[in-house]
Amino acid sequence: MRNEDSTVRNVLQEFDEASVDDAVKTLLPLCGSPAWAHALVARRPYADTAALLAASDEIFPTLPESELAVALSGHPRIGERMGGDGTAASLSRSEQSAMQSADEQVAADIVQGNHDYEARFDRVFLIRAAGRSPREILAELRRRLDNDDAAELAEVREQLRQITRLRLEGAYSQ
Ligand code: 2AL
């Protein structure tokens, strides 16, 4: 346990002590928003992982819609075959791993739902995939298609916050 604690401390300490540029670079694949990354770096140092996660949560409500759009453009569609060997691509693959066992009809309905969502809202459908089955994702996709613009933007912000929080936990809690 002591070893695990000191490993966490070292990763966080390294982050706290890195140059602004290096710290921002390590954060970018975790969310895709430069404004979020800069804001989180500006609040260093962090006493522990909980403080880092709390700061990230506080930044999300302050991000303008344009910044959410930038972050979303770095997230692949749900169910789409993902290539790439960058950190963000490998995180997405792991988060969406349950999609590989989706039954054919559910997978096809998600492809159609993604298309309908993009036609309606002009951006990629974003959902925290980790912990959700393909059927649950499809149900959420269909439910959210009925949202008005403001309600859907609030959902996008919340999903991005959750995805980012899981990624931060993965990077700074081991
Ligand atoms: C993703 C992704 O890459 N990871 C996740 O949880 N959701 N993409 C998406 N379009 O929702």
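**Pocket, cavity, ligand**

The lining of the largest pocket divides into seven nonpolar, four polar and three charged residues. Here Ala, Val, Leu, Ile, Met, Phe, Trp, Tyr, Cys and Pro count as nonpolar, Asp, Glu, Lys and Arg as charged, and the others, Gly among them, as polar. The model is predicted: local features need pLDDT of at least 70, side-chain atom pairs count only at pLDDT 80 or more, and totals for chains, interfaces and linings use all residues. Residues are numbered from 1 along each chain as its sequence is written, and side-chain values use heavy atoms, without hydrogens and water.

On a 1 Å grid over the protein atoms alone, a cavity is a set of points where a 1.4 Å probe fits but cannot get out; a pocket is an open set with protein on both sides within 12 Å along at least five of seven lines; lining residues have an atom within 4 Å of a point.

The pocket is lined by 14 residues, with Gly 79, Glu 80, Arg 81, Met 99 and Gln 100 nearest its centre.

Where does the ligand sit? The space it takes is the largest cavity, where sitting there means more than half of its atoms lie within 2 Å of the grid points. That cavity is lined by 15 residues, including His 75 and Glu 95.

Now the polar contacts, pairs of N or O atoms within 3.5 Å. A ligand nitrogen is 2.8 Å from a backbone N or O atom of Pro 76. Ser 92 has a polar side-chain atom 2.7 Å from a ligand oxygen. In the side chain of Glu 95, an N or O atom is 2.5 Å from a ligand nitrogen.

Key
Polar contact = N/O pair within 3.5 Å; in protein donor to acceptor, adjacent residues only side chain to side chain.
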